[in-house]
Amino acid sequence: MSQQQQMGGQPMIILGEDSQRMKDRDAQSHNIAAAKAVAESVRSTLGPKGMDKMLVSSMGDITVTNDGVTILQEMDIDNPTAEMIVQVAETQEDEAGDGTTTAVSVAGELLKNAEDLLEQDIHPTAMIKGFHLASDRAREEIDNVAYDVDSEDTELLKQVAETSMTGKGAELEKDVLAQLVVDAVQAVTVDAESGETIVDLEYVNTETQTGRSAGESELLNGAVVDKSPAHEEMPRAVEDANVLLINEAIEIEDTDADASLQLDSPDQLQTFIDKEEEQLKEKVDAIAEAGADVVLCQKGIDDLAEHFLAKEGILAASRVKKSDLSFLREVTGGDVVSDIDAIEEATLGSANVEYDDADELFYVEGLDDHTHGVTLLLRGSTEHVVDELERGIGDALDVVAQTVSDGRVLAGGGAVEVEVARRVREYADSVSGREQLAVEAFADALELVPRVLAENAGLDSIDTLVDLRAAHDDGDETAGLNVFSGDVVDTFEAGVVEPAHAKQQGISSATEAANLVLKIDDIIAAGDLSTEGEEPEGGPGGAPGGMGGMGGGMGGMM
């Protein structure tokens, strides 16, 4: 669409003919529709009874999951407003580790309620202010209803992990897996000099293995390396081993420039072969003289070097991943050496190293008290199972770590949302002006969580919400929904526990995203807003046609 202004009889072109523009109510309605589409695409995955999504990439790779951020990242979203809502999930994942589906769903519900207020001629500025006031109040009320938790309270931390896992691939063996998660977090928890409790999840490594049940997963004090011994004659276990971590190839060095040699006799060829053998022998001798019993090499090891290492009784593995080598440095206390000539006793780490022929894995257990690092070895029947298991365990690790660091938990099952919504409504009475309506709309949006939990469990969402409100009006702050029985119960006593930090972060992210969308009253695009590159039905001048194509991109997404 072009805009023209008559000046001296000549038109002044502001926008090109191919550009599109949408203003005021049309722009707001379009943005809200896109945001709602994103929220609705993940809403059915919420809660213990949530359904899974199958995502098929352009390459044919299949992902089966109900993890909100994974779904949104894998989806081919072709809409700028929708991308803004996806960022809510990514922020929630980065900051809290879980609660992505809740955050996105609440953002979509806030905008849905905002649309109703727009129909009542409430200005977006008033709504933005009201949402901001309500968000601040909601975060304060979460502080008021939260319970303090001791970092040593293993049982409560286990309940936090189980709540996070419920409804995900890790649910079937959640008793075993939740205990492993808590043990892993406590293994890397330290008390800082400032008095803070710090959980360093960098020292928790996760490995997966197919062919066995999830209940056979285990936590190992050290590292796991998915490699085999470089030579059959090498030992399979070394106690109290000196471990060399090296990222230089144990091979014949290539020349920097291309070179050709002319040989006059077989003796000359044998001389070159002997020289290469001598070079490899010198490299292995240097390793042996430094006292190394185990060699874990990031690059390749020559066949002849493998033979010499085996003769020296040294256990070796080649092509070890760089990430594994970095983790092994923490476990063994050794340095990653880049030059064989720089190897000395001080650069070696110490560990008990054993190769398990059945699992085809190296187990590396650190010996030094100053080293630390644990590995969660997750097992499942197929690749799809272990992938979803790894996502579920990753979320559980994050929420347990946040709970230990933050020291606060909440009753789950929609209990905290209903209680906070009740308190925000009471607060709305003290807010003057049209902002009061926005505060009440915010409270209604919070109650989306128990409604969706009920819907996904096949229950009546209205009856459920009425029962929950009645329980909270009677003073039962921890009354939530048992999705398995359909009853209103004390979810805190039932062990449905969530971290307070994740809930506060979700409310904050959802509010900021909703306010960002509401503040937009004009969309201007050079050409089709859709990245598909298709010509809009109405032609370049038909903004509604082009914008509709943009919405169509979202429709094809779901």
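I began with what covers helix α6. The cover over its buried residues includes α7 (174–187), α11 (383–406), β19 (408–411) and β22 (497–499). I am working on a predicted model.

Next I asked how many residues of α6 are buried. The count is 10 of 12, and I noted the helix as mostly covered. I listed the buried ones: Leu156, Leu157, Lys158, Gln159, Val160, Ala161, Glu162, Thr163, Ser164 and Met165. Lys158 and Glu162 are among them.

Then I checked the length of α6. The helix runs over residues 154–165. At 1.5 Å a residue, its 12 residues should span 16 Å.

I moved on to Thr511. I located this residue in helix α16 (residues 500–518). Is Thr511 buried or exposed? Its relative accessible area is 3%, and buried means under 20%, so Thr511 is buried. I set aside its neighbours within four places in sequence and looked up the contacts. Thr511 touches Leu110, Phe131, His132, Ser135 and Phe442.

Last, I took totals for the protein chain. I count 17 helices and 23 strands. Of its 558 residues, 49% are buried. I took contacts between residues at least 6 apart in sequence; 74% of these join residues at least 24 apart. The chain exposes about 26200 Å². Carbon and sulfur atoms supply 44% of that area.

Notes. Residues numbered from 1 in each chain as written. Predicted model: local features only at pLDDT ≥ 70, side-chain atom pairs only at ≥ 80, totals over all residues. Heavy atoms only, no water. Helix = DSSP H or I, 4+ residues; strand = E, 2+ residues; numbered from the N terminus. Expected span 1.5 Å × (residues − 1). Buried < 20%, exposed > 50% of the residue type's maximum accessible area, 1.4 Å probe, protein only. Contact = heavy atoms within 4.5 Å. Areas by Shrake-Rupley, 256 points an atom, 1.4 Å probe, with all protein chains shown as cover.
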